[in-house]
Amino acid sequence: MESRRATIHPRQLALPFDAAPSSPPPDAAAAAALRDDFLAAFGRPVRLVLTANRSTMVSLSRRTNPPTLRVHRLFLGAPAHVVKAIAAYLRRGDRRAARTLDAFIRANRPPVPPAAARPVRLRHAGKYFHLGRLFADLNARYFAGRVQARITWGLAGKRGSRRTIKLGSFARDEHLIRIHPLLDRAFVPRFFVESIVHHEMAHALVEAPLVRGRRRHHNAEFRRIERTFTDHARALAWERQNLNRLLQRRV
C-alpha cells in the first residue's frame, strides 16, 4: 500500500505478496533444520518465527534474547547460500544478499489468485470537503481522466497522542484512495487536501519497481508527476508549519 505519511521529528526485507497463501502448518522437521541453518549462519541462537506476512519476508528483532528472526515459510528448505544471504542482509544490509533473496523469492513464490476487493462503503462528503468532487476536478486538470480509482474518507484511528499521521493511502488491490478525516477541518486549506489527493492519484498511475528487495513507491516518475501539482511546494510548506495542529484531534 502506497501512502503519504507526515512525521514529527529493524532492518527488514519487504517484497510484494498480494495475499497470504493458504497452506498446512509448516513441517516441524523442516523448521528445525532451518533454525539450525540460521544458528550456523548467524553464529548465535535465534528464535525462529515462521510467517505468511503479505509484505515483509524476513526481519530481525534484537529486542528479545535470543533475537527473534521472522521468516516467511517460503524459506523452508532453502539452500545454504540463501540462508547465508538472509543473515548477511539482516546483519549489514548487504546488497548482493538482497538480490539473492529477491531471485529466490521470485523463483519459489507460489501462485496466488487475486484477492477479491472487500466491499467498502465510500464516503465522499465531509463537513468542509467533498472528495468525489475534488477527485473529479484533479483527474480532469492533471491526469486527463486517466486515474481509475475510488476515493473515500478513512477511519479516524485510535485516540490519544500521536507523532505521525497517515494523511492518505492508495490500496492497489482495492483501487481505493483513503484520505484521513482529520483533514476535513476548517483550518485546512483546499490546496493542501488537493495535494494529498493528487499524491495518491499519482500512486494509482505509477507502478512501484522492485529495487534491492523493496518496492520503490516514490521513484523518479512518481516524483515528476507529483511536482506537476501547481501548489506542491506551497502544500509542503503548509504541512511543515501546521503538522502539530494536524496531529491534534478536533475538539
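At roughly what angle do the axes of helix H4 and helix H5 cross? Keep in mind as you look that this is a predicted model. Find H4 at residues 131-142 and H5 at residues 190-205: their axes come within 10 Å and cross at roughly 65°. Angles from 65 to 115 degrees count as roughly perpendicular, so that is the label for H4 and H5. The crossing of H4 past H5 is right-handed.

Which residues of H4 and H5 make the contact? On the H4 side you'll spot Leu131, Leu134, Phe135, Asp137, Leu138, Asn139, Arg141 and Tyr142. H5 brings in Arg190, Val193, Glu194, Val197, His198 and Met201. Sort this contact by class and you get eight nonpolar, four charged and two polar residues.

Now let's hop over to the strands. E4 covers residues 56-61, and six of its six residues are buried, which makes the strand mostly covered. Its partner is E5, residues 68-72: the two run antiparallel and are joined by four bridges. To see the pairing for yourself, look for Ser61, which stands opposite Thr68 in E5. To get from E4 to E5, the chain goes through a hairpin of six residues.

Is Arg73 buried or partly exposed? Buried means under 20% relative accessible area; Arg73 has 24% relative accessibility, so it counts as partly exposed. Arg73 also has a neighbour to check out: its C-alpha atom is separated by 5.3 Å from that of Leu50, although these two residues are 23 residues apart along the chain.

Technical notes
Residues are numbered from 1 along each chain as its sequence is written. This is a predicted model: local features need pLDDT of at least 70, side-chain atom pairs count only at pLDDT 80 or more; totals for chains, interfaces and linings use all residues. Side-chain values use heavy atoms; hydrogens and water are left out. Axes are lines fitted to C-alpha atoms, for helices over the stretch in contact, and angles run from 0 to 180 degrees between N-to-C directions. Angles under 35 degrees count as roughly parallel, over 145 as roughly antiparallel, 65 to 115 as roughly perpendicular and the rest as oblique. A crossing is left-handed if the near helix is turned anticlockwise from the far one by less than a right angle, and right-handed if clockwise. Contact means heavy atoms within 4.5 Å. Ala, Val, Leu, Ile, Met, Phe, Trp, Tyr, Cys and Pro count as nonpolar, Asp, Glu, Lys and Arg as charged, and the others, Gly among them, as polar. Buried means under 20% relative accessible area, exposed over 50%, partly exposed in between (1.4 Å probe, protein chains only). Two strands pair if DSSP finds at least two bridges between them.
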